[in-house]
Amino acid sequence: METLITLLVGVLVMVAVYLLLSRNFVRIILGTAVLSHAIHLLILAMGGLKKGGAPLLTEEGSNYTDALPQALILTAIVISFAVTAFLLVLAYRIYRETGADNLDNVRRELDD
Amino acid sequence: MTNALVYPVLIPLLTAIVITFFRNSLILQRILSFLATASSAGIGVYLLMRIQSDGILRLDFGGWSPPYGILFVGDSFALLLVTAAATVTSLILLYAFSTIGESFEKMYVYPFMLFLLAGVNGSFLTGDVFNLFVCFEVMLLASYALLVLGGRKVQLVEAFTYITINVLASWFFLLAIAYLYGATGTLNMAHLAVRVTENGQGAMLTIISLLFLLVFSLKAGLLLYFWLPGSYSAPPAAIAALFGALLTKVGIYAMVRLFTLVFTHSPEITHSIIGIMAALTLIGGSIGALSTRDIRQIISYNVVIAVGFILVGLAAGNEVALQGSIYYVLHDMVVKAMLFLAGGLMISLTGKARIGEISGLLKNYPSLGWLFFLAMLSLTGIPPFSGFIGKVLLGEGLIEAETYVLLTLAFLSSLFVLYSLLRIFLNCFMGEAVIGEEEQVKLKKSTLFPIVVLGVLTFAIGIGADVLAPFVNDAAATLIDPQSYIEAVLDKDWLLKD
């Protein structure tokens with residue numbers, strides 16, 4: 001199970017890098033969003049993937065799921081949501097101000 | 001356990017939320033925001049005193065004893081920085097009151113500045129790596145908003161680059177945290193230190209530490225400073241001063257904390273890399289400062305040089321060098337704020353931002369000119385100002401560590417700092433006055449006042465280094481021998497059981 005998730009993380013990072021390397025605003029923003037999801041999955045995998053264990057440590061303490069990664073991911077998702085929303089609004093404002101939707105055009109616009 | 005430890009974060013945070021509701025009553029916004037920052041500084045001083053008598057303080061949120069919960073840890077290093085950050089922010093606020101303009105004030109500039117301070121203080125105080133990430137994000141989101149406030153085209157475009165780079169760095173931070181958790185099973189800094197010491201810092205942990213180094217150098221502007229000059233010269237002076245004084249220092253703090261507490265076992269790899277990066281930063285920053293004629297860019301490159309200078313002390317890694325670094329961080333917060341404010345004032349008074357377009361300002365505004373001169377002397381390290389003591393101690397530490405290349409570069413960089421600022425002074429303040437008496441924009445006393453106070457502060461730190469010495473020495477001692485930090489966080493019997 002961990003191997004599968006790790007492979008999935010790899011694929012997501014690949015997609016994210018491809019998107020981040022483009023010069024279109026929306027693609028860059030999507031790239032950061034995909035990257036954040038890849039890393040959330042990685043945190044989950046790092047905590048160890050188990051089925052059927054409750055996140056409670058019993059006296060025997062044999063089979064329990066680590067709840068901490070989920071708490072971390074929850075926080076990280078909220079932050080990722082806020083940042084992505086901010087970036088989207090910013091990209092829209094840049095489009096409204098300059099009429100450009102990618103970095104090349106914006107630079108040209110600024111030089112004029 | 002003391003609840004006072006949370007106030008430097010809680011007061012700015014709550015005040016920011018409250019004054020969001022008073023968008024139109026500017027007086028109330030100003031009074032409350034100033035009270036919040038000034039009282040944070042006061043609490044910082046109080047806690048600093050308490051640490052000297054009671055030892056390192058900690059606060060376990062929700063009563064979860066470490067390593068299970070999130071906690072704040074206050075040692076001398078953290079609280080020196082908290083106090084300095086809150087003091088500098090109060091003075092920058094005073095400057096903002098008279099310069100930033102009503103349109104900014106109505107667009108929540110004060111709440112954002114307070115959120116920024118809350119994030120910065122949180123980053124200094126936290127004892128948990130993931131909480132450090134969250135505090136970083138609080139600070140960064142506030143800085144994103146401050147950067148785009150005003151909405152000029154160049155600001156928006158610079159902001160997009162700045163935000164994308166910082167978001168990327170944040171996800172790398174999270175990545176490093178994920179690996180660290182996978183490798184050690186804990187995120188509490190003191191517990192991490194114990195686990196890493198017990199199991200040894202193998203290749204895996206060293207690689208994770210390099211990931212952290214990458215992240216913090218992006219935030220601090222260590223070698224990876226390509227984003228810094230552009231984005232620090234886009235916003236108004238008060239906001240740029242806040243960035244220049246506080247933001248890079250948080251990256252520096254995080255780097256110093258992790259590489260003196262947790263990743264201390266392969267200095268031949270990690271600390272050498274920090275040394276090389278600091279050296280390249282010093283060279284690159286110096287070249288950058290001479291390469292441009294834009295006053296704000298020159299000042300921004302001076303931030304880069306200072307980052308290199310401070311982290312040379314971490315690379316050397318002995319107690320004297322770290323004392324020097326701590327003095328220098330405190331000094332740099334004060335003087336960079338002063339320099340950004342003075343530079344911003346020059347630009348707003350003349351409406352021009354490049355060397356060669358301004359001249360003879362000393363005749364029009366003598367006090368501003370001499371304040372700029374004073375900041376320059378202090379930054380170069382001329383006694384009796386605050387830069388001197390830091391430079392001397394850092395020099396001693398570097399000689400002790402026998403890293404002569406770093407020593408040479410660090411002190412050569414002072415010459416470049418002097419030259420780049422002298423260029424501004426000679427070109428803009430000296431020479432023929434081009435502004436006549438009639439067309440001269442009046443300089444209000446209330447605008448100049450915060451810069452004067454910053455000038456007095458840099459003088460006071462230089463003269464009163466003896467007063468600061470016990471705090472700085474204690475801070476450096478805790479960094480060199482983290483055992484006292486670990487014992488303050490984790491109880492002895494728990495340590496034995498683990």
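Visitor: What does UniProt place at residues 127-416 of chain B?
Guide: The UniProt record, an unreviewed entry, has "domain: NADH:quinone oxidoreductase/Mrp antiporter transmembrane" there. Such annotations may be inferred rather than shown by experiment. The model is predicted, and local features need pLDDT of at least 70, side-chain atom pairs pLDDT 80 or more, while totals for chains, interfaces and linings use all residues. Residues are numbered from 1 along each chain, and chains are lettered from A in the order written.

Visitor: How much helix and strand over 127-416 of chain B?
Guide: That stretch of chain B is 81% helix and 0% strand, with its end C-alpha atoms 37 Å apart. Helices here are DSSP runs of H or I, at least four residues, and strands are runs of E, at least two.

Visitor: How many residues of chain B are in contact with chain A?
Guide: 24 residues of chain B, against 23 of chain A; contact puts C-beta atoms, placed from the backbone, within 7 Å.

Visitor: Which helix gives the largest share of that side of chain B?
Guide: H7(B), with 17 residues.

Visitor: New topic: which residues touch the most other members of the largest nonpolar core?
Guide: B:Ile177, B:Met255, B:Leu311, B:Ala337 and B:Ala342, in a core of 227 residues. A core joins buried Ala, Val, Leu, Ile, Met, Phe, Trp, Tyr and Cys through C-beta atoms within 7 Å; buried means 20 or more other C-beta atoms within 10 Å.

Visitor: What does B:Met255 touch?
Guide: Leaving out residues up to four places away in sequence, B:Met255 touches B:Leu213, B:Phe216, B:Ala220, B:Leu311 and B:Leu314.

Visitor: And H5(B), how many residues are buried?
Guide: 17 of its 17.

Terms used: Contact = placed C-beta atoms within 7 Å. Buried ≥ 20, exposed ≤ 12 C-beta atoms within 10 Å, placed from the backbone.
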